Amino acid sequence: EAVPPLEGAAMGLNYGFDSLRFLTPVRSGKRVRARFVLSGVKPRGEGQVQMSWRVTVEIEGEERPALVADWLVLGVLAA
């Protein structure tokens, strides 16, 4: 539910993280929110597309985010 579905995709696969940095610990009881920004799309063979999402997890009341990551998702298009 965090990212919109790829139109025409049969499925999406979590392809892992290209980079992942934990910047600030999250204290118990703190509220967090994540922001997902599509940073790149490239074809990966016939009927596949790799999407890169820049993910930032923010902590309420803190200047620095909890983490910043580049999340990779492989979309398999319907035949």
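Biologist: Where is the place of T24?
Modeller: T24 sits in the loop between β1 and β2. Strands here are DSSP runs of E with at least two residues, numbered from the N terminus. Before we go on, this is a predicted model: local features need pLDDT of at least 70, side-chain atom pairs count only at pLDDT 80 or more, and totals for chains, interfaces and linings use all residues. Residues are numbered from 1 along each chain as its sequence is written, and side-chain values use heavy atoms, with hydrogens and water left out.

Biologist: Thanks! Is T24 buried or exposed?
Modeller: T24 counts as buried, because its relative accessibility is 18%. Buried means under 20% relative accessible area, exposed means over 50%, and partly exposed lies in between, with a 1.4 Å probe and protein chains only.

Biologist: What does the side chain of T24 reach?
Modeller: The backbone oxygen of P65, at 3.1 Å. A polar contact is a pair of N or O atoms within 3.5 Å; within protein, one must be able to donate a hydrogen and the other to accept it, and residues adjacent in sequence count only if both atoms are side-chain atoms.

Biologist: New topic: what order do the strands of the sheet have?
Modeller: The order is β1-β4-β3-β2, in an open sheet of 4 strands with antiparallel pairing. The edge strands are β1 and β2, and each pairs on one side only. Two strands pair if DSSP finds at least two bridges between them.

Biologist: And over how many bridges do β2 and β3 pair?
Modeller: Over 11 bridges, in the antiparallel sense, with β2 covering residues 32-43. One of the pairs joins K42 to its bridge partner Q50 in β3. The hairpin of these two strands has 4 residues between them, and G45 takes a positive phi near 85° there.

Biologist: How many bridges link β3 and β4, then?
Modeller: There are 10 bridges, again antiparallel, and β4 runs over residues 67-77. In β4, L67 stands opposite V57, and D70 stands opposite R54.

Biologist: Last one: where is L20 found, and is it buried or partly exposed?
Modeller: L20 is in strand β1, which spans residues 9-22. L20 is partly exposed, with a relative accessible area of 41%.
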